[in-house]
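Please read it with the sequence and the model side by side.

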Amino acid sequence: MVLTLHGATLIMRISLTIAALAALLPAQIQPANGWITDFTAAKARAKAEDKDLLVNFTGSDWHTMSIKLYAEVLSKPRFLAAVQKDFVLVSVDFPKIRTSMSKQLMAQNDELMAEYGVVQLPIALLLDADGHPYQWISYEKGGPKHYIEALQKRQRQGLGFKAALTLAKKKGGIERALVLDDALVSLPEEMLSKNHQIMREIIALDADGKAGLRRKYLHTVQLKDASEYLEGMLAAHMENREGPQALAKLEAVIAQPKDVMRKTGTTSEWKGRVQMNSLYRTIASWMKRFSSSPPSVSASFTERRGW
C-alpha cells in the first residue's frame, strides 16, 4: 500500500488531534459518592430497598464520552440525590490503567460486559433488582435535569416488564413461560438479546415446542452461546495480535459440517472482526509513524482492545 503525502498529512493531523485530546483527559476517575462497584452487593441492596439498578459501563481514563458523561452528569450532587431514590448505582469501569483494580473486580466487570452484551461505551443499563435489563441510556446533552427526566421516562417504560416478571413468580410450567414471553415482548427490540437467561428458561419450559416459544427464542440463545465459544477460542490470539492464527481457527469451524455457529453466521461475523482488527492495527502503525506524540498516546485506543 502506497501512502501519499496527502494521506500522511491527514494521518498526522488525526494523531495530533488525538494527542491533544488525550492531554486534556484526567487520570482514572473514581466513582462518585453513591456509586458502588460490587454488583452482587448492589443487587442485594436493591432488593432490600425495593429499587432498580442503574449500571454504568464506562472507560474512565481513556474514553472521551465516558469522561464527558461523568463530568456533566454522573458526578453532580443534583443527579445523585434524585436518582438514588429509585436506583442503586453501579459503576462498571474498563480503564486502560488497572493498577488500582483488584483481579476480582476486573473479572466481575469483564463478566458483566459479556453477560449483557455491552459493545459500546458509555452505556448505562436499567435493571430490576434481580439483574434483568429493561432499558438503556448513553450520553445525552442537557445536564443533570435532562438525564434525570430521561431515566424516569425509561423506568416508567419498564413497568410492564417488571409487572410480568412479578406475575411469573406465581406461575409454573407453560403458564410461567407464557408470562415470561409477555415480559420480553414488552421490551424494546435492542433489549431482548440482553435477557438471554429469561429466554433459556422459556426454552426449557417449552421443551416440546408445543407452545411455539422454544423456536421463537432458540436462535438468539444459540447466537449468544456461539459468540461466547468463539470469543474464548480466539481470546489468546487476539490478545497476542495473531490474526492469521485466529482466522485459521475460524476457517476450521466454518468447514465443520452442520455446525450451529456456521448456520447462525456467528463464525463469519467473528472472521470480519479479526480482519477489521488487522486494519485498525495498520492505521495505528501509521499514526505512530507520523505523529510527534508518544506511541502510547496515538495508539491508546487500539492498544486498549489488544488490536
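1. Basis of the note. This is a predicted model, in which local features need pLDDT of at least 70 and side-chain atom pairs count only at pLDDT 80 or more, while totals for chains, interfaces and linings use all residues. Residues are numbered from 1 along each chain as its sequence is written, and side-chain values use heavy atoms, with hydrogens and water left out.

2. The chain as a whole. The secondary structure comprises 16 helices and five strands; helices (H or I, at least four residues) and strands (E, at least two) are DSSP runs, numbered from the N terminus. Of the 307 residues in the chain, 42% are buried. Here buried means under 20% relative accessible area, exposed over 50%, and partly exposed in between, with a 1.4 Å probe and protein chains only. Among contacts with a separation of 6 or more, 67% are between residues 24 or more positions apart; contact means heavy atoms within 4.5 Å.

3. Helix H12. The 13 residues of H12 (residues 243–255) should span 18 Å at 1.5 Å a residue, and the distance of 18 Å between the end C-alpha atoms agrees with this. The expected span is 1.5 Å times one less than the number of residues in the helix. Gly243, Ala246, Leu250, Val253 and Ile254 of H12 are buried. Viewed down the axis of H12, these buried residues lie within an arc of 100°, so they line one face of the helix; the arc is that of the directions from the helix axis to the C-beta atoms. An α-helix has 3.6 residues a turn, so residues three or four places apart point the same way. Exposed Pro244 and Ala255 are carried on the face of H12 turned away from its buried side.

4. Helix H10. The buried residues His196, Ile198, Met199, Ile202 and Ile203 belong to helix H10 (residues 196–205). Seen down the axis of H10, its buried residues fall within an arc of 150°, so one face of the helix is lined by them. The elements covering these buried residues include H5, H7 (159–168), H8 (173–185), H9 (189–192) and H11.

5. Helix H3 and its partner H6. In H3, Ser66, Ile67, Leu69, Val73 and Leu74 are buried, and the buried residues of H3 pack against strand E1 (35–36), E2, helix H4 (77–83) and H6. How do H3 and H6 lie relative to each other? Helix H3 (residues 64–74) and helix H6 (residues 143–157) pack at an angle of about 95°, with their axes 8 Å apart. Axes are lines fitted to C-alpha atoms, for helices over the stretch in contact, and angles run from 0 to 180 degrees between N-to-C directions. H3 and H6 are therefore roughly perpendicular; angles under 35 degrees count as roughly parallel, over 145 as roughly antiparallel, 65 to 115 as roughly perpendicular and the rest as oblique. The contact brings Leu69, Glu72, Val73 and Leu74 of H3 to Gly143, Pro144 and Tyr147 of H6. Its residues divide into five nonpolar, one polar and one charged, where Ala, Val, Leu, Ile, Met, Phe, Trp, Tyr, Cys and Pro count as nonpolar, Asp, Glu, Lys and Arg as charged, and the others, Gly among them, as polar.

6. Helices H6 and H7. These two pack at an angle of about 40°, with their axes 4 Å apart, and are therefore oblique to each other. Gln155, Arg156 and Gln157 of H6 make the contact with Leu159, Gly160 and Lys162 of H7. By class, the contact of H6 with H7 has one nonpolar, three polar and two charged residues.

7. Is lysine 224 buried or exposed? Lysine 224, in helix H11 (residues 213–239), counts as buried at 13% relative accessibility. Not counting residues up to four places away in sequence, lysine 224 touches Ala114, Glu115, Gly117, His196 and Arg200. Aspartate 110 lies in helix H5 (residues 103–115) and is partly exposed, at 39% relative accessibility. Leaving aside neighbours within four places in sequence, aspartate 110 is in contact with Phe94 and Arg98.

8. Backbone points to inspect. Leucine 121 and proline 122 are joined by a cis peptide bond, with omega about -10°; proline 122 sits in the loop between H5 and strand E4 (123–127). Aspartate 50, a residue other than glycine, has a positive phi near 55°; it is in the loop between helix H2 (39–49) and strand E2 (52–58). Arginine 241 likewise has a positive phi, of about 60°, although it is not a glycine, and is found in the loop between H11 and H12.
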